[in-house]
Amino acid sequence: MMTISLASRRLLMAAISLTAILAPFFSAKAEMSAWAEAEGGRMRLVALAPDASGKIRAGLQIEPKPGWITYWREPGNSGIPPQVTIAPASGVRLDAIAYPLPKHFFKGGIEDIAYDAPVTLPLSLTAAGKGEVKIDATVFIGICKDICIPFQANLSLKLGRAMQSRPEEEAILAAADATLPKPPSDDFKVTAHAISPDRKTLSLTLALPADGKGAPDIIVTGPSGYAFTKQSGAKREGATFRTDVMIGKLPKDYDISGERWRVLVIDGGRAMETALAFD
């Protein structure tokens, strides 16, 4: 089981911010920003012009160097989740960040949920006006090898007209979308879930692809800063899988009623992510 408290994360962020690598604005008059580089890798923004409703498809490209990793939205025991902040003066709003399928890494009792290869995080943005769009973003990620380095950069780009074809940017964003976990389907979904009265165990029943074997990898994310992966009593019978996920400590006085957690299930070559409602 992995548990990271929000308070601990804030303390970590405060401590490392003193040594963060603060890059100047990396700007470009195109649909890609310039690369910002650090010891363990590099990153940039890619975007397409707004559609008629102001929606912008964009992505944060991160390329760790060989042997380095960068983190998923809930990073593990002590990592840094990606943070993207759009300058209010841009007139652009960040609506959502999507996360491609991550990997589990175990080293010396430390569990990380991360990426060890180039990854693009899809970004959903909205432009407020109809004029020229310039995105100024501050991005903060962690990249780790033997040590973890906080990597902060200001990335900027201007967007052209929507009717202009941008095949390179379109290919990058399409490839990023293809790496996202899929929504539930008839043969791959959560069919039942329940948390124990002491909130120590989450019982899951899943419909899994019939050609799979063994226990799937399951990552349950609860309150911000908390992720749970340890299973107990896992049993697979045909396309039905039952398991208990160990929850452990939650925030003091945390009320789960009405909350929405998420679960990512990786089974063979397929991955599914969905919400868990606690009514």
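The model is predicted, so local features need pLDDT of at least 70, side-chain atom pairs count only at pLDDT 80 or more, and totals for chains, interfaces and linings use all residues. Residues are numbered from 1 along each chain as its sequence is written, and side-chain values use heavy atoms, leaving out hydrogens and water.

Start with the sheet. Strands of a sheet pair through backbone hydrogen bonds, either parallel or antiparallel. Here, four strands form an open sheet in the order S14-S15-S19-S18, and their pairing is antiparallel. Strand S14 (189–195) and strand S18 (231–237) stand at the edges. Each has a single partner strand, so one side of each has no neighbour in the sheet. On average, neighbouring strands of this sheet are turned by 15° against each other, direction ignored. Two terms need their rules. Strands are DSSP runs of E with at least two residues, while helices are runs of H or I with at least four, and both are numbered from the N terminus. Two strands pair if DSSP finds at least two bridges between them. The angles come from axes, which are lines fitted to C-alpha atoms (for helices over the stretch in contact), and run from 0 to 180 degrees between N-to-C directions.

Now look inside the sheet. Strand S15 (residues 201–207) and strand S19 (residues 240–246) run antiparallel and are joined by seven bridges. Leu204 stands opposite Thr243 in S19. S19 also pairs with S18, again in the antiparallel sense, over five bridges. Arg236 has Phe241 in S19 as its bridge partner. S18 and S19 form a hairpin with two residues between the strands. In this hairpin, Gly238 takes a positive phi near 65°.

Next comes the disulfide. The structure holds one, and the term means a pair of cysteine sulfur atoms within 2.5 Å. Cys144 and Cys148 form it, with their sulfur atoms 1.9 Å apart. The link is right-handed, with 115° about the S-S bond. Are its two ends buried or exposed? Cys144 is buried at a relative accessible area of 4%, whereas Cys148 is partly exposed at 43%. Buried means under 20% relative accessible area, exposed means over 50%, and partly exposed lies in between (1.4 Å probe, protein chains only).

Turn to the cores. A nonpolar core is a set of buried Ala, Val, Leu, Ile, Met, Phe, Trp, Tyr and Cys residues joined through side-chain atoms within 4.5 Å. The largest has 38 residues, and Val139 and Phe151 are among those that touch the most other members. Beyond four places away in sequence, Val139 touches residues including Met43, Leu60 and Phe151. Contact here means heavy atoms within 4.5 Å. Another core, of 22 residues, lies apart from the largest one and includes Phe188, Leu204, Tyr226 and Leu276.

Finish with the rings. Rings of Phe, Tyr and Trp (its six-membered ring) pair if their centres lie within 6.5 Å; planes under 30 degrees apart count as stacked, over 60 as edge-to-face and the rest as tilted. By this rule there are three aromatic pairs. The rings of Trp261 and Phe278 have centres 5.2 Å apart and planes at 65°, so this pair is edge-to-face. Trp261 lies in strand S20 (residues 259–267) and Phe278 in strand S21 (residues 270–278), so the pair ties together parts 17 residues apart in sequence. Trp261 is buried at 1% relative accessibility, and Phe278 is buried at 7%. Together with Tyr226 and Phe228, Trp261 and Phe278 form one aromatic cluster.
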